[in-house]
Amino acid sequence: MSLELTFWWLLAIKLAVAAAVVPVIGMVIGYAEMKLSAHMQSRVGPYFAGGRFGWAQLIADGVKFIQKEDIIPEKADRPVFKWAPALVMLGTMALLVIVPLHPSSRYGIVRDLEVGIFYALAISSVSTIGVLMAGWSSANKYSMIGGLRAAGQLIAYELPLVLATVGVVIQAGTMSMQGIVSAQVAQGWPFALTQFIGFAIFMIATLAELTRLPFDMPIAESELVMGYVTEYSGFRFLFFFLAEFANMFSMSVIAATLFLGGYGLWGINPETLLSPIILFAKVGVLVFLMIWLRWTLPRLREDQLQTLAWKWLIPISILNIIVTAVLKVVI
Amino acid sequence: MSEYFQDYVAVAAFAAFGVLLVALTLGITYLVRPSNPTREKVSTYECGVDAVGEGWNQTFIRYYIFGLLFVLFDVEAVFIFPWAIKAEELGLPGAIAIIVFILTLLEGLLYAVRKGVLRWE
């Protein structure tokens, strides 16, 4: 690690790593989702691809998607329709910039931005513009309603997501991701112990932002066919799901960093190469939780979704901020 | 290049790379995939039957008041963060000031709830 790379080389290497990692994350989480749903709901499905455990199923799916025709509906708004998946991926890739894997500020993170967590919350909303574009440009009623629902959902759940992180920022005294982790490493316990309300609200709001069950109204197969992706096919279709899995990963990393101590673990020196493994273990637990909830809970109704956000999560997270502020100043 | 601009360049590079990834993959798959659009394929999907009316029908967007409230509260969040970083230094006066600010907005939310604008029907 003593080799000093220039900024441009380092950036190029990190981009290459990210390019390799995003599809791998997509495949690992996709495979986990498939297997866990099979076990939770007795969906036997493709158990035999590749001989054992159906391990080759996702590769076969990928090859299938490559060969699929790219259909653009004749009534669609072509440029908007074509660029919508690109905008979704833009938000996904930009979110990886602040994923901290290791305390080294040069090699452990792409850029340790000063506004870290604030940037993450802002850039994660960009994907929703892509979703809205996809829904509108398809010129399909199902897509339109799906896109509008996605926008309404983002509006409702962005606030609890942002407000839930304020408690952590108050306790850490910084918005930088590395700073938040080192604050937790220094004090020896994760913020989840004091910010458990914030953690719970953050996870609920994350599920809604990712439009996963029980908050998947924008896709809602039984009501809207496939929501905003109804008219998509082939690789453009695949990108929406790749983005969803990659965002699941990024949001889990952010949740683990803010509330579970990131790559730090009690009694282990964070300077070693064990750090990324610890982080991935925590992320794995959170991703498992998301998949578990998806396959065991029914979908909420649209008005219940809005009521939950505006009448419960936002007031509770505001009270959480006030309590944290008082305790921080008094103690 | 200063550290300050390196942050911006890194973010811009990753964002551009996201777009490039989509463009490149679609460019490569263009060589492999068939392209044979027929009338049925490119027609609007509506569960098999011919589409009724336009896809861009007028719809009642129920949440424009939610949208207005969202702007208010999002700006509020922007104001809370600078204080949150310096909470310890600013001490009790800072905490009282921000709590008054937050409670004012909470009262606004309560007013909206009591007025019934947050009902989704």
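Biologist: Which helices each supply at least two residues of the lining of the largest pocket?
Modeller: Keep in mind that this is a predicted model, where local features need pLDDT of at least 70, side-chain atom pairs count only at pLDDT 80 or more, and totals for chains, interfaces and linings use all residues. Residues are numbered from 1 along each chain as its sequence is written, chains are lettered from A and ligands numbered from 1 in the order written, and side-chain values use heavy atoms, without hydrogens or water. A pocket here is an open set of points on a 1 Å grid over the protein atoms alone where a 1.4 Å probe fits, with protein on both sides within 12 Å along at least five of seven lines; lining residues have an atom within 4 Å of a point. With helices taken as DSSP runs (H or I, at least four residues) numbered from the N terminus, the suppliers are α1 (7-41), α2 (57-67), α10 (234-259) and α11 (274-296) of chain A, together with α1 of chain B.

Biologist: Which residues lie nearest the centre of the largest pocket?
Modeller: By class, its lining has six polar, nine charged and 21 nonpolar residues (Ala, Val, Leu, Ile, Met, Phe, Trp, Tyr, Cys and Pro are nonpolar, Asp, Glu, Lys and Arg charged, the others, Gly among them, polar). Out of 36 lining residues, those nearest the centre are A:L58, A:F65, A:L238, A:F241 and A:F245.

Biologist: What volume does the second largest pocket have?
Modeller: Volume means the space filled by probe spheres set on the grid points, which are joined across faces, edges and corners. For the second largest pocket that comes to about 880 Å³.

Biologist: And which helix gives the most to the lining of the second largest pocket?
Modeller: That lining divides into 27 nonpolar, five polar and two charged residues. With eleven residues, the top contributor is α1(A).

Biologist: How much area do chain B and chain A bury between them?
Modeller: 67 residues of chain B are in contact (heavy atoms within 4.5 Å) with 75 of chain A. Buried area is the accessible area (1.4 Å probe) lost on putting the two together, summed over both. Carbon and sulfur atoms hold 78% of it, and the total is about 6500 Å².

Biologist: Which residue of chain B meets A:D70 in a salt bridge?
Modeller: A salt bridge needs a side-chain nitrogen of Lys or Arg within 4 Å of a carboxyl oxygen of Asp or Glu. Two are counted between chain B and chain A. At 3.9 Å, N to O, the partner of A:D70 is B:R33.
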